[in-house]
Amino acid sequence: MFVVMSVSASEAEVNAVKAAILAEGLHPHENEGTDRVVIAVVGEVGPRRQALSNRLSAMAGVETVTPISRPFKLTSREFHPEDSVIRVGSAVIGDGSLTVMAGPCSVESREQLMETVDAVAGAGATILRGGAFKPRTSPYSFQGLGVEALRYLREAGDATGLPVITEVMEPGQVDVINRYADILQVGTRNMQNFSLLLALGRIEKPVMLKRGYGATIEEWLMAAEYIVSAGNPNVILCERGIRTFETYTRNTLDISAVPLLHHLTHLPVIVDPSHATGKRWLVKPMALAAIAAGADGIMVEVHPHPESALSDGEQSLTPDQFRALMGSLRAVHADVADLHRDPVLSTAALGVGGSSKH
Ligand code: PEP
Ligand code: MN
């Protein structure tokens with residue numbers, strides 16, 4: 001349930017409500033909205049629900065006590081009607097601007113990364129991506145350069161002013177990656193690695209949570225809930241395709257997840273058309289479709305020489321292809337900005353309240 005305080009509630013009244021929730025062994029999670037405070041009651045409320053709801057409703061400064069109908073609470077739009085906006089260095093994600101994360105699948109050498117970052121930064125990417133620790137299907141494939149790659153990523157990020165995102169695969173890697181990267185990425189294979197999610201809930205840097213390739217949207221949001229309820233509200237969701245019976249593409253890109261997520265949650269949504277399709281020539285149309293559907297941005301793989309890439313060369317764009325993609329993306333983004341602000345199409349009109357996307 002969540003407790004909506006009245007616009008004029010005092011700090012003491014807010015604190016009294018929080019104390020009453022704590023006294024029940026539950027956790028109060030506060031969302032300071034634009035005009036009023038909303039407090040979510042998080043934990044197993046069980047049969048106490050009605051009595052607790054009555055008691056909180058009667059407290060000074062409380063306007064209403066409402067059940068949260070979804071299993072995900074802190075990530076739901078019901079609790080947090082405004083879009084979450086995540087700021088990291090020079091980048092702002094979720095404010096209606098176009099976020100473009102680009103870079104190689106794997107960092108292979110200092111030269112390869114520097115050549116790539118010059119190209120993607122020059123073309124207008126807003127965040128540099130690059131894998132340091134690689135989750136490979138085969139133990140015989142290139143596993144990444146590890147900490148050496150983290151150092152190159154930091155150097156490339158500092159040289160260009162781009163924030164850096166890289167994947168973390170296990171709780172033991174969180175500290176070192178947190179030291180070098182600006183955004184920590186959870187890959188598809190680890191979406192339900194709960195000890196990793198909890199460890200990421202204890203840091204402050206943003207976390208980009210990719211959808212598990214066999215996960216429902218609800219399972220995905222519950223995974224995000226692990227991070228947020230553990231204390232880190234800075235979560236970005238990334239749709240990267242799910243496994244279906246189709247074999248022409250590496251995965252099947254679920255574009256409907258984009259408006260659906262905007263309806264269900266306040267968290268920003270990124271789409272990765274590279275891993276979704278596995279084919280270079282499908283990346284551009286799917287990237288444009290993602291932005292047309294209202295995604296906050298995309299993540300794409302770019303390699304200066306895809307034919308000799310150590311991982312995912314067949315889905316990596318060349319720098320020239322990336323530059324061309326950026327031009328088209330900007331055009332589509334400018335075209336749809338007003339459409340997503342249209343009250344008829346907005347999440348507010350769908351009955352979830354709050355602001356519309358873009
Ligand atoms: C990646 O982004 O490098 C990656 C491995 O993606 P995914 O987890 O979506 O397969
Ligand atoms: Mn890859």
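Ala, Val, Leu, Ile, Met, Phe, Trp, Tyr, Cys and Pro are classed here as nonpolar, Asp, Glu, Lys and Arg as charged, and the others, Gly among them, as polar. By this scheme, the lining of the largest pocket divides into 9 nonpolar, 3 polar and 4 charged residues. The model is predicted.

The volume of the largest pocket is about 340 Å³. Its lining comprises 16 residues. Val42, Gly43, Pro71, Lys73 and Glu225 are the closest to the centre. Strand β3 (37–42) and helix α7 (217–229) each supply at least two lining residues. Helix α7 gives the most, with 4 residues.

The second largest pocket holds about 280 Å³ of space. Its lining also consists of 16 residues. Nearest the centre of this second pocket lie Asn31, His80, Val228, Pro233 and His266. The lining is made up of 6 nonpolar, 6 polar and 4 charged residues. Here strand β2 (residues 27–32) gives the most, with 4 residues.

Salt bridges were then searched for over the whole structure, and 16 were found. One of them pairs Lys18 with Glu30. The closest N and O atoms of this pair are 2.4 Å apart. Lys18 belongs to helix α1 (residues 11–23) and Glu30 to strand β2, so the bridge ties together parts that are 12 residues apart in sequence. Lys18 has a relative accessibility of 21% and therefore counts as partly exposed. Glu30 is likewise partly exposed, because its relative accessible area is 33%. Strand β2, the element of Glu30, is also the one that gives the most to the lining of the second largest pocket.

A further salt bridge joins Glu301 to Arg129, with 3.6 Å between the closest N and O atoms. This pair links distant parts of the chain. Glu301 is in strand β14 and Arg129 in strand β8 (residues 127–129), 172 residues apart. Both residues are buried.

The side chains of Arg211 and Glu239 also meet in a salt bridge, at 2.9 Å from N to O. This pair, too, links distant parts of the chain, 28 residues apart. Arg211 sits in the loop between β11 (207–210) and α7. Glu239 is part of strand β12 (residues 235–239). The relative accessibility of Arg211 is 4%, so Arg211 counts as buried. Glu239 counts as buried because its relative accessibility is 0%. Elsewhere, salt bridges that share partners join Glu24, Arg48 and Arg55 into one network.

Ser311 was examined next. This residue is found in the loop between β14 (297–301) and α11 (319–341). Strand β14 is also the element that holds Glu301. Ser311 has a relative accessibility of 4%; the cut-off for buried is under 20%, so Ser311 counts as buried. Its side chain forms a polar contact of 2.6 Å with the side chain of Ser106. With residues up to four places away in sequence not counted, Ser311 touches Cys105, Ser106, Glu108, Lys134 and Arg136.

Note on methods. Residues are numbered from 1 along each chain as its sequence is written. Chains are lettered from A and ligands numbered from 1 in the order in which they are written. This is a predicted model: local features need pLDDT of at least 70, side-chain atom pairs count only at pLDDT 80 or more; totals for chains, interfaces and linings use all residues. Side-chain values use heavy atoms; hydrogens and water are left out. Buried means under 20% relative accessible area, exposed over 50%, partly exposed in between (1.4 Å probe, protein chains only). A polar contact is a pair of N or O atoms within 3.5 Å; within protein, one must be able to donate a hydrogen and the other to accept it, and residues adjacent in sequence count only if both atoms are side-chain atoms. Contact means heavy atoms within 4.5 Å. On a 1 Å grid over the protein atoms alone, a cavity is a set of points where a 1.4 Å probe fits but cannot get out, and a pocket is an open set with protein on both sides within 12 Å along at least five of seven lines; lining residues have an atom within 4 Å of a point. Grid points are joined across faces, edges and corners, and a volume is the space filled by probe spheres set on the points. A salt bridge is a side-chain nitrogen of Lys or Arg within 4 Å of a carboxyl oxygen of Asp or Glu.
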